[in-house]
Amino acid sequence: MTKTSIFDQNKLIKIVKILLLTGTVLAAIKMLFLNYSMDEEYQVVMAYRNVIGDHLFSQMWEPHQTSVFLCAIGIRVYL
């Protein structure tokens, strides 16, 4: 009887690990294609403001202004 309960417990642990791994992979895939959280939104807005002509350090006083350069190149293509 002890071997059966240990076997069931190991099987349950293995199933839980597989479910957690599957959930993690699905969440990562979802985040790649569908997630725009605060950091991405901030960077897109800062790049847009840079492209439309706002000047760094004189009109935009956000702490990460220099992070907009790479993103501004992509936004300039669409404007």
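A salt bridge is a side-chain nitrogen of Lys or Arg within 4 Å of a carboxyl oxygen of Asp or Glu. The legends below describe a predicted model, in which local features need pLDDT of at least 70, side-chain atom pairs count only at pLDDT 80 or more, and totals for chains, interfaces and linings use all residues. Residues are numbered from 1 along each chain as its sequence is written, and side-chain values use heavy atoms, with hydrogens and water left out.

**View 1. The salt bridge of Arg49 and Asp54.** The side chains of Asp54 and Arg49 meet at 2.9 Å, N to O. By the rule above, the count comes to one salt bridge. Side chains of opposite charge can pair when their charged atoms come close. The pair is also joined by a polar contact of 2.9 Å (a pair of N or O atoms within 3.5 Å; within protein, one must be able to donate a hydrogen and the other to accept it, and residues adjacent in sequence count only if both atoms are side-chain atoms).

View 2. Ala72 is 23 residues from Arg49 in sequence, and their C-alpha atoms are 8.8 Å apart in space.

**View 3. A nonpolar surface patch that includes Leu26.** Leu21, Val25, Leu26, Ile29, Leu32, Phe33 and Leu34 make a patch of about 800 Å². Patches are made of residues with over 30% relative accessible area and no salt bridge: like charges are joined within 9 Å, nonpolar side chains (Val, Leu, Ile, Met, Phe, Trp, Tyr) within 5 Å. Accessible areas come from the Shrake-Rupley method with a 1.4 Å probe; for residues, only the protein chains shown count as cover. Leu26 belongs to helix α1 (residues 2-34) and is exposed because its relative accessible area is 55%.

**View 4. The three helices and their confidence.** The protein has zero strands, and its elements run α-α-α from the N terminus on. Mean pLDDT (the predictor's confidence in each residue, from 0 to 100) is 77 for the protein, with 72% of residues at 70 or more. Confidence is highest in α1, at 85, and lowest in helix α3 (residues 69-78), at a mean of 75. Of the 79 residues, 11% count as buried.

Technical notes. Helices (H or I, at least four residues) and strands (E, at least two) are DSSP runs, numbered from the N terminus. Buried means under 20% relative accessible area, exposed over 50%, partly exposed in between (1.4 Å probe, protein chains only).
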